[in-house]
Amino acid sequence: MADDTPNGAHDSMFLPQMRLDELLSELQVRINAVLLTRDRVRSLLDAVVSIGTGLDLESTLRRIVSTAMDLVDARYGAMGVIGPEGRLERFIPLGMGDEEIAAVEHWPEGRGLLGLLTKEPQALRLADLSQHPESAGFPEGHPPMRSFLGVPIRVREEVFGNLYLTEKANRTAFDEEDEAIVTALATAAGIAIENARLYEETRRRETWLVASDEITTRLLSGAAPHEVLHLVAERARSMADADIVAIATPDRDGQALVVRVADGPDASRIRGRSTAMEGSLSGRAFRGADPVITDLSRESEEPAHLLDGLDIGPVLLLPLGAPDSRRGVLILGNRIGRLPFPVETVHMLHAFAGHAAVTLELAEARRDAERLIVLEDRDRIAKDLHDIVIQRLFAIAMSLMSSVRRIEDEGAAQRVRRAVDDLDDTIRQIRSTIFALQHSADNGRTWLRNQILDVVNAATESLGFSAGLRLDGPIDSAVPDSVAEHVLAVLREALSNIARHAHASRADITVHVDSQVTLTVTDDGVGLPEQGRRSGLRNLAERAEALGGSFEALRRPEGGTQLRWQVPLPAD
């Protein structure tokens, strides 16, 4: 049977069906777009919640970068933190392995596009960053990058830093939606960063206070300074999360710095190393007032011999103590590839080093005061023994000796003589006790008292008897080394003359210190000859004249000789 339906009517039946398919397809596209937008919004909300879960600043910054990379499918991401002077202070990269990071010659320094974002804090989106007029290229070893999205992060009204994203997946460019998503994330990130900064500042202050309190307590409770320096190094390394920490102090001549203590895996390798003051980083930090911050992996005009061979990159050097009482340098280092020390950490360690130096100084002053009390007490006891006990024993011995002639019984007289000999031996033992009381050493330093005692004791064999010795005044604290060496030389010469020429059986030495040093040596020998060579005495007189003092050698009326050598002490 034939179809009587006109052709036009047949076509018109399909038009509504085609229109409906188009509308359905468009609706499906819009639904998919809505679903995609919903998923991205949900991902954004999840990301906002995620970045606000932690309070550690470093972890928070890394979490922000990682979240932004996930939201826009970026292969590389980084956070650039802007310092107080508007320069790029820290750079936290993600998406690169350790070997890739180590291969980069240096991290971005805030020039080129990164500098533009620092100067003009607004979102920047590029299909090819190398085509931008501000592009400065990449440092040696940096992986190639093409697409770029940069968004500033504000904390309140302050620009904290910038979020950088590069290399979108499938080598496509970032679009407006990517920019909107990352901008929204950056707004939430500012709040998370502010919370983390406040928490970190609180924790940093707490750590600083605990470490300072521990050092103060240890020092003032009598711990040795070397032990406390070890504690300072350990606490500094913990606060800065450093790979190596060392404390270098001046040598005896003050011309070099020597590593006294160190903490870290390579501590044993650098302990005992030394470097000259002149022309070194450590010397510059020792003489300066501000911290020295540098990176040893770059070219430097000043060498850092103390850290040679350790693969150290970022370095921080802090002076210990005020310029007029500088005690050393605190040195911290990180391995090559690690980030420089943050400004907040530098400020904290600078304050910590200053506090530790003050505590060391106070502890040393306290030990000096305690030592002075002990020395004064010993001087008092020694003086009482010499002026009271020995004199009374000597008087008793003289009285017994005068009584021997009146004793007719020879046996009784012999017993009295033995008693006198025992008294004489007791007097010598008491003198030895006096020497022991006055003999004290501290931290390897030989005090003038000790040196005088050594000279007198050394002369005992040549003299044939022990010389009497009396020391008065602040001999150790008031007599400078430049005068002390002359005192010892004069004493040696005087005792040598007695041993060679005087034929004496007794000698007494007195060293008295007030505003001047007076050395008096007497003996009961034959006295000064009327004629003969006196070159030794002339040397003693020349020494006194060179120091603005005087010297005299006299014959004693009761026999023997008296030498009196006197020089003024230099004014403070």
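Before you click anything, here's a term you'll need: a salt bridge is a side-chain nitrogen of Lys or Arg within 4 Å of a carboxyl oxygen of Asp or Glu. You're looking at a predicted model, where local features need pLDDT of at least 70, side-chain atom pairs count only at pLDDT 80 or more, and totals for chains, interfaces and linings use all residues. Residues are numbered from 1 along each chain as its sequence is written, and side-chain values use heavy atoms, with hydrogens and water left out.

**Stop 1: salt bridges**

Select Arg-470 and Asp-472 and show their side chains: they meet in a salt bridge, 3.0 Å from N to O. Is Asp-472 buried or exposed? For these words, buried means under 20% relative accessible area, exposed means over 50%, and partly exposed is in between (1.4 Å probe, protein chains only). Asp-472 is buried, at 14%, while Arg-470 is partly exposed, at 28%.

Next, pick Glu-278 and Arg-287. Their side chains form a salt bridge too, at 3.2 Å from N to O. Glu-278 is exposed, with a relative accessible area of 60%, and Arg-287 is partly exposed, at 47%.

Now try Glu-234 and Arg-235, a salt bridge whose closest N and O atoms are 3.8 Å apart. Glu-234 is partly exposed at 35%, and Arg-235 is partly exposed at 25%.

For something with three members, select Asp-266, Arg-269 and Arg-335, which are linked in a network of salt bridges. How many salt bridges are there by this rule? The count comes to 12.

**Stop 2: the nonpolar cores**

Time to go inside. A nonpolar core is a set of buried Ala, Val, Leu, Ile, Met, Phe, Trp, Tyr and Cys residues joined through side-chain atoms within 4.5 Å. The largest one has 41 residues, and Ile-452, Leu-491, Leu-495, Ile-509 and Val-517 touch the most other members. Elements that each supply at least two residues of this core include α11 (448-463), β14 (468-472) and α13 (481-502). These labels are DSSP runs numbered from the N terminus: helices (H or I, at least four residues) and strands (E, at least two).

Zoom in on Ile-452. Contact means heavy atoms within 4.5 Å. Leaving aside neighbours within four places in sequence, Ile-452 is in contact with Leu-469, Leu-471, Leu-488, Leu-491 and Val-511.
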